[in-house]
Amino acid sequence: MTTDPRAVVVRYVEAVRDGDADVVYESFAEDATWHYPGDLPISKVWRGRDAIVGEFLGGMGPLLVPGTMRIELIGTIAEGDRVVAEWTSTARTVYGGTYDNRCIGVYTVRDGRIASVVEYADTRHVAAALFPGHRA
């Protein structure tokens, strides 16, 4: 396992893309945090690897048509233990629409594992595509 922060983040994003749940889980430190800003049902600071992987990331699955999720890593910028990754996510939703978003994550890597993430995305699109009944 590599400890290079950029390689850790690239490996994680590729594992999400490839559906490799074991690598996704092992990519996070036990006490990791993931901050998803905004006022959506998923907007908060997710605390701990189990909550991040099982509840936050895993909670998106029921909203998407199985087998339609596509992730493309656009690029990364790394400085020390911080890595900024840009990616696109597309999928068909269970509501009949299309989820198509371009996202940025600011990752902090510690001892070869992701310790924290702050994700930025078009939350208006997330609300419309994945939470159509949600009112801001």
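Reader: Thr3 to start. Buried or exposed?
Author: Exposed. This is a predicted model, and in it Thr3 has a relative accessible area of 54%. The cut-off for exposed is over 50%, so Thr3 falls in that class.

Reader: Where does Thr3 lie?
Author: In the segment before helix 1, which spans 5–18.

Reader: Which residues does Thr3 touch, leaving out those up to four places away in sequence?
Author: Val8, Asp111 and Gly112.

Reader: And how many Å separate the C-alpha atoms of Thr3 and Thr98?
Author: 36 Å. Along the chain, Thr3 and Thr98 are 95 residues apart.

Reader: Back to Asp111. Where does it lie?
Author: Asp111 is in the loop between strand 5 and strand 6. That hairpin has two residues between the strands.

Reader: What about the phi of Asp111?
Author: Positive, at about 55°, although Asp111 is not a glycine.

Reader: Is Asp111 buried or exposed?
Author: Exposed, at 69% relative accessibility.

Reader: Now the strands around that loop. How do strand 5 and strand 6 pair?
Author: In the antiparallel sense, over seven bridges. Strand 6 covers residues 113–120.

Reader: Which residues stand opposite each other there?
Author: Arg110 stands opposite Arg113 in strand 6. Another pair is Gly105 and Glu119.

Reader: Strand 4 next. How many bridges join it to strand 5?
Author: Eleven. The two strands run antiparallel, with strand 4 at residues 82–92 and strand 5 at residues 98–110. Arg82 has Thr108 of strand 5 as its bridge partner.

Reader: How many residues lie between the strands in that hairpin?
Author: Five. Gly96 in this hairpin takes a positive phi near 95°.

Reader: And strand 1 with strand 6, parallel or antiparallel?
Author: Parallel. Four bridges join strand 1, residues 28–36, to strand 6. In this pairing, Thr33 stands opposite Ser116.

Reader: Switching to charges. How many salt bridges are there?
Author: The structure holds five. One of them is Glu26 with Arg113, where the closest N and O atoms are 3.4 Å apart.

Reader: Which parts does the Glu26 and Arg113 pair tie together?
Author: Glu26 lies in helix 2 and Arg113 in strand 6, so the pair ties together parts 87 residues apart in sequence.

Reader: How accessible are Glu26 and Arg113?
Author: Glu26 is partly exposed, with a relative accessible area of 34%. Arg113 is partly exposed too, at 24%.

Reader: Which residue does Arg49 meet in a salt bridge?
Author: Glu30. The N to O distance is 3.9 Å. Arg49 sits in helix 3 and Glu30 in strand 1, so this pair ties together parts 19 residues apart in sequence.

Reader: Arg49, buried or exposed?
Author: Buried, at 11% relative accessibility. The cut-off for buried is under 20%, so Arg49 qualifies.

Reader: And Glu30, buried or exposed?
Author: Exposed, at 64% relative accessibility.

Reader: What does Asp31 form with Arg110?
Author: A salt bridge, with the closest N and O atoms 2.7 Å apart.
Author: Arg110 counts as partly exposed, at 37% relative accessibility.

Reader: Which lining residues are closest to its centre?
Author: Val16, Leu57, Met60, Met69 and Ile71. The largest pocket is lined by 34 residues.

Reader: How do the lining residues divide into nonpolar, polar and charged?
Author: The lining has 24 nonpolar residues, six polar and four charged.

Reader: Which elements each supply at least two residues of that lining?
Author: Among the helices, helix 1, helix 2 at 21–26, helix 3 at 49–60 and helix 4 at 123–130. Among the strands, strand 1, strand 3 at 70–79, strand 4 and strand 5.

Conventions. Residues numbered from 1 in each chain as written. Predicted model: local features only at pLDDT ≥ 70, side-chain atom pairs only at ≥ 80, totals over all residues. Heavy atoms only, no water. Pairing = 2+ DSSP bridges. Buried < 20%, exposed > 50% of the residue type's maximum accessible area, 1.4 Å probe, protein only. Contact = heavy atoms within 4.5 Å. 1 Å grid on protein atoms, 1.4 Å probe; cavity = no way out; pocket = protein on both sides within 12 Å on 5 of 7 lines; lining within 4 Å. Nonpolar A, V, L, I, M, F, W, Y, C, P; charged D, E, K, R; others polar. Salt bridge = Lys/Arg side-chain N within 4 Å of Asp/Glu carboxyl O.
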